[in-house]
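Hello,

Here is the structure we talked about handing over. Please have a look, then read my notes below.

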Amino acid sequence: LFSAIADAAADPQATDFSRVLHFPNPENFIRRIDISHHETINSWNDIIKAGVTEVYMKVTEGVGTYDRMAATFARDAKAAGLKIGYYHFGRPDSRATGTVTGDALAEAKDYLDTIAKLPAWDLPLALDLEEADPWETPLSPADYLLWLKTFLPAIESPGKPMPYIYSRKSYLEPKLPANHGLGARYPLWLARYHIDARQARTIAGWNRWTAWQFSDIGKLGTND
């Protein structure tokens with residue numbers, strides 16, 4: 001839910017970095033939250049008072065699944081003066097069209113078509129890669145990489161920053177070939193829920209993380 005950004009998620013007990021151990025130069029980092037219909041936002045002012053300046057909204061998942069709160073969250077966050085971004089929950093497989101590349105393109109199109117109807121985004125687009133019980137990708141590492149190398153270029157925009165890949169080390173590393181090369185082009189938004197920054201070890205193929213989500217729970221004022 002909350003992130004620290006080298007380019008910040010808040011510890012569930014604090015809205016600053018005071019409880020995060022061994023965090024380098026916290027004054028140079030940005031506080032960010034990411035939200036979906038699972039979160040309740042009662043006061044955007046409370047979020048701003050906590051030092052948050054960026055908000056990501058979930059908009060799509062797979063093909064044909066849309067977050068019902070995305071438009072409301074985007075409109076209200078933008079009106080409050082926050083920078084906004086949109087993320088897609090990826091389901092790398094071949095179900096949408098029967099082929100790996102066709103599925104990736106179908107998900108990319110659905111994502112882009114959806115955000116085109118929403119308030120203009122300020123932040124890089126983002127692909128969320130994690131479990132979706134009971135679904136799990138059936139793809140081999142080679143096909144998983146093919147899916148990513150089809151989806152990600154499809155959502156790139158001239159003059160815009162490269163999209164984020166969001167995932168955690170234990171999930172993504174087994175999904176990809178060792179020599180995947182994604183880190184040379186796409187920034188990593190690392191999920192590692194821990195208050196010790198030394199535990200935020202990057203995923204193989206990336207020299208560093210650009211954003212670090214260090215908690216998936218939290219409370220900012222009246223917001224859960």
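**Helix α4 and its cover**

The buried residues of α4 are covered by several elements, among them β5 (83-89), α3 (100-115), β6 (126-128), β7 (164-167) and α5 (169-172). Keep in mind that this is a predicted model.

Which residues of α4 are buried? They are Tyr144, Leu145, Trp147, Leu148, Thr150, Phe151, Leu152 and Ile155. The helix itself runs over residues 141-155, 15 residues in total. From first C-alpha to last, α4 reaches 21 Å. That is close to the 21 Å expected at 1.5 Å a residue.

**The chain as a whole**

The chain has five helices and nine strands. From the N terminus on, their order is β-β-α-β-β-α-β-α-β-α-β-α-β-β. There are 224 residues, and 51% of them count as buried. The accessible surface is about 10200 Å². Carbon and sulfur atoms account for 52% of that surface.

**The second largest pocket**

This pocket holds about 160 Å³ of space. Two elements, α5 and β8 (188-191), each give two or more residues to its lining. The lining residues are:

- Arg168, Lys169 and Ser170
- Leu190, Ala191, Arg192 and Tyr193
- Gln199, Ala200 and Arg201

What classes of residue make up the lining? Four are nonpolar, two are polar and four are charged.

Best wishes

Definitions and conventions. Residues are numbered from 1 along each chain as its sequence is written. This is a predicted model: local features need pLDDT of at least 70, side-chain atom pairs count only at pLDDT 80 or more; totals for chains, interfaces and linings use all residues. Side-chain values use heavy atoms; hydrogens and water are left out. Helices (H or I, at least four residues) and strands (E, at least two) are DSSP runs, numbered from the N terminus. Buried means under 20% relative accessible area, exposed over 50%, partly exposed in between (1.4 Å probe, protein chains only). Accessible areas come from the Shrake-Rupley method with a 1.4 Å probe; for residues, only the protein chains shown count as cover. The expected span of a helix is 1.5 Å times one less than its number of residues. Contact means heavy atoms within 4.5 Å. On a 1 Å grid over the protein atoms alone, a cavity is a set of points where a 1.4 Å probe fits but cannot get out, and a pocket is an open set with protein on both sides within 12 Å along at least five of seven lines; lining residues have an atom within 4 Å of a point. Grid points are joined across faces, edges and corners, and a volume is the space filled by probe spheres set on the points. Ala, Val, Leu, Ile, Met, Phe, Trp, Tyr, Cys and Pro count as nonpolar, Asp, Glu, Lys and Arg as charged, and the others, Gly among them, as polar.
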